[in-house]
Each structure stands twice: as C-alpha cells, then as structure tokens.
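Here is a short briefing to read alongside the model. Keep the sequence and the 3D view open as you go.

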Amino acid sequence: MLQAALQSGAAYRRTVFEVFARHLPGGRRYGVVAGTGRVLDEIERFRFGDEELTFLREHQVVDEPTLAYLADYRFSGNIYGYREGDLYFPASPIMVVEGTFAEAVVLETIILSILNHDCAIASAASRMSNAAGARPLIEMGSRRTHESAAVAAARAAYIAGFNSTSNLMAGHLYGIPTAGTAAHAFTLLHDSEQEAFEAQIASLGPETTLLVDTYDVAEAVRTAVELAGPKLGAVRIDSGDLAAAAQEVREQLDALGAQHTRILVTSDLDEYAIAALAAAPVDAYGVGTSLVTGSGVPTAALVYKLVARDRATGRLEAVAKRSVGKPSRGGRKYAYRMMDAAGRATTELILTGAHEPPENGVPLLHELVREGVVVGREPLSAARERHAAAVATLPQEALHLGRGYAAVPTEFS
C-alpha cells in the first residue's frame with residue numbers, strides 16, 4: 001500500500017485519520033481511554049533501523065524507493081486526542097492523526113494495538129472499581145497474559161481506579177504503588193504452616209498479609225493471630241465460597257482480638273463477583289485473569305480510518321466507507337461532551353467543519369503532537385484523577401453491570 005502510494009504520488013497527500021469504536025463491545029455503557037501516553041512514547045521513537053530495513057529488503061517486501069523512504073521516516077504531523085482516563089462512547093474520535101498519507105498510514109498498527117488493549121483493560125477495570133466502591137483493588141494478572149501486556153495492563157488498571165499492582169516492572173516504569181502476598185508454594189515449602197507464617201512474620205513484620213487457605217482456614221487464622229498478635233495486617237482467602245469464608249474469618253479474627261486485621265480475597269474475581277461480595281466483610285480485592293483479559297472483552301473494537309484527504313485544490317475533502325455494517329463518517333471531527341446544569345454528562349456531540357464551541361460543551365480533543373513533537377504528555381496521576389471525575393458525571397444507570405445502551409448518546413452535527 002505504501003509502495004503503491006509512493007509510486008503514484010498520492011503518498012504525500014495531506015490526510016486525516018481517526019480512531020473510534022463503532023460500538024461498545026460486551027454491551028458496555030462506556031469505554032475508558034488508556035494507552036495514549038504509551039502511543040506518544042512509541043511515535044517519538046518510531047524508526048526503521050538497519051535490521052528492519054535489511055529484513056524488508058531480503059524478503060522483497062518493498063522496493064528500494066520505499067526502503068529509502070522508511071530509512072528517513074519521521075512523523076512530522078499533528079495528533080489530537082481524548083485525554084487518558086476520560087470516557088468515550090460509540091463513534092467518539094478518541095484520536096485524530098493529521099499528516100501525509102505515507103507517514104500516517106504506517107502508524108495504524110502501533111496505535112491500534114496499544115489503544116485496543118489498554119482501553120479494553122481500563123474499561124474492565126473501571127467496572128470493577130465501581131463495583132468495589134471504597135474498597136481497594138490490587139492488580140495481580142501478570143501470570144495470565146504476555147509479559148509486556150502485563151505491564152501495560154497494570155498501567156491501564158491504575159488509571160481506571162485500581163490502587164496497586166503486583167507487577168514490579170509497572171511500579172518501576174510508571175510509579176504505580178506495588179503490593180503482593182505470599183503464594184501457596186511458600187507455605188508448602190515449609191514443614192508446617194506455623195513455620196511458614198513464622199518465617200514470613202520474621203522477615204516482613206506482623207503487618208504482613210498471611211495466606212490462610214492452604215490447609216484449614218480456621219486453624220490457619222488461629223495460628224496467624226497467635227504468631228503475629230492483634231497487629232496482624234491482613235489475611236488472604238483464595239478459594240471456596242468467599243462470602244461465607246470472609247464472614248467466618250471476620251468473626252474468628254474479632255473473637256481473637258484482631259479486630260483491625262483486614263481480609264483480602266482473590267480467586268478469579270471479576271466485576272460481578274466483586275459486586276456480589278459488597279455485603280461481605282471484605283476489605284480488599286486482588287484481581288488477575290479477568291482484568292488482564294478485559295473481563296471477557298479483550299479488545300476495545302477500535303478502528304483507524306481515513307476520514308479526509310487533500311484534493312488537487314489543496315483543500316481537505318471528507319471521505320468515508322459505505323460498506324454494509326462498517327460505515328464511517330467523513331470529515332475532520334471536533335468532539336464535545338454536553339453537560340446539564342447539575343454537571344451530568346448528557347450527550348457526546350461530534351461536529352464536522354468550522355463551528356462555534358457549543359454552550360455547556362466540554363472540549364474532548366486535546367493537542368498531543370505538534371509538527372512531530374510530543375506536546376501532550378502528562379503524569380499518570382492526572383489520568384487517574386480525570387477518570388474518577390469523569391465517572392462521577394455519568395448518570396447512575398451507567399454504572400449498572402447489566403448489558404445496556406451507551407450511557408451517553410452520540411450526536412453528529
């Protein structure tokens with residue numbers, strides 16, 4: 001495609017590409033933008049080095065003029081986008097890429113691979129965070145996904161309300177708080193559960209979290225309090241009927257004088273299981289598999305489509321797909337979230353062409369890259385705060401876990 005465009009001369013036409021979702025997968029009511037910061041990092045260092053060019057040449061993927069173009073590739077266009085942590089809805093133009101066809105089209109895969117993954121994880125994490133309420137969530141999914149995806153998932157989950165991660169690389173790269181507990185293997189390593197607990201307490205202090213379901217839960221709780229005393233930080237339950245087990249453990253801890261010892265539950269939790277535990281005496285949740293797989297929705301269904309290109313006159317012309325089931329809307333878009341007097345989101349308004357900013361409309365597209373230079377970086381804490389504020393503007397029914405229509409309708413003008 002690039003080679004043919006270079007040969008015809010069309011490669012240097014000015015174009016506008018747009019990232020959007022035709023629908024919200026899984027019957028969800030909103031999506032969460034995540035991955036923008038990672039996209040900016042990748043675009044900044046997007047290069048074709050000698051190794052890549054040699055591969056393309058030896059396998060005759062492209063011709064020599066195309067190799068010469070790629071050798072000098074630098075993105076020099078502009079990018080606008082929704083900020084990380086913000087919400088999106090069907091047809092929201094969450095990223096707009098302006099540049100020549102050649103320089104914009106080669107970014108499609110890297111942009112979509114990052115945004116589809118991170119937005120899916122953040123959208124699932126947001127639902128889990130809403131279900132958990134004020135109870136903290138630990139991201140624990142590194143062993144259930146690709147090693148690089150694990151770090152990205154921890155980042156996306158933190159944006160959408162998770163409090164910490166067990167992935168130390170995510171803590172190192174992004175400053176996310178880290179947390180973890182011992183595995184069953186640590187208990188099984190020792191000659192008795194008591195010896196395992198003694199070793200952990202001796203190393204980490206009584207405020208540590210002890211895993212109490214390797215053998216008999218009641219006996220483990222008794223031993224844990226005996227050894228750590230009332231300062232025992234927490235116990236973790238990883239199997240069985242979590243609601244019933246949490247109730248029994250809470251009663252036992254209180255009876256033993258460990259009223260301040262917290263209960264952490266794990267074991268294949270998702271947003272539905274977390275919601276079902278709302279009335280149980282649980283203090284925190286550890287979530288792994290369901291989070292890093294998007295809780296059944298591993299992609300955000302985002303696409304990257306050409307929506308405008310130069311005519312011979314030098315003016316941009318709207319272009320759009322008309323295929324059945326996969327249409328697109330042409331033209332450079334401008335997005336606003338319309339708010340009512342109470343500060344609630346009511347509509348996602350998408351405008352094309354020259355316009356006056358609508359009254360009560362919050363602009364959603366922000367400058368991220370200007371003439372090839374990244375200008376839109378921000379700390380991860382800003383995305384996390386933005387997400388909490390954005391969710392607070394949704395109507396209450398948007399937080400329901402059942403399938404339904406998008407929480408905010410999209411209108412075009």
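Arginine 250 and aspartate 254 meet through their side chains in a salt bridge, 3.1 Å from N to O; the term asks for a side-chain nitrogen of Lys or Arg within 4 Å of a carboxyl oxygen of Asp or Glu. This is a predicted model, where local features need pLDDT of at least 70 and side-chain atom pairs count only at pLDDT 80 or more, while totals for chains, interfaces and linings use all residues. Residues are numbered from 1 along each chain as its sequence is written, and side-chain values use heavy atoms, with hydrogens and water left out.

**More on the salt bridges**

- Arginine 250 and aspartate 254 are 4 residues apart in helix 12 (residues 242-255), so about one helical turn separates them; helices (H or I, at least four residues) and strands (E, at least two) are DSSP runs, numbered from the N terminus.
- Arginine 250 is buried at 13% relative accessible area, whereas aspartate 254 is partly exposed at 32%; buried means under 20%, exposed over 50% and partly exposed in between, using a 1.4 Å probe and protein chains only.
- Salt bridges with shared partners join Arg28, Arg127 and Glu271 into one network.
- The structure holds 22 salt bridges, and one of them pairs glutamate 18 with lysine 333 at 2.9 Å, N to O.
- Glutamate 18 sits in strand 1 and lysine 333 in strand 14 (residues 333-339), so this pair ties together parts that are 315 residues apart in sequence.
- Both glutamate 18 and lysine 333 are buried.

- Seven strands form an open sheet in the order 13-12-1-5-3-17-18, with antiparallel pairing; two strands pair if DSSP finds at least two bridges between them.
- Its edge strands, strand 13 (316-318) and strand 18 (373-374), each pair on one side only.
- Alanine 308 has alanine 318, in strand 13, as its bridge partner.

**The nonpolar cores**

- The largest nonpolar core has 61 residues, and Val265, Tyr285 and Val287 have the most contacts inside it; such a core is a set of buried Ala, Val, Leu, Ile, Met, Phe, Trp, Tyr and Cys residues joined through side-chain atoms within 4.5 Å.
- Helix 7 (residues 147-159) gives the most to this core, with 7 residues.
- A second, separate core has 52 residues, including Leu6, Leu24, Ile43 and Ile114.
- Tyrosine 285 touches residues including Ala132, Pro136, Leu264 and Ile274, leaving aside those up to four places away in sequence; contact means heavy atoms within 4.5 Å.
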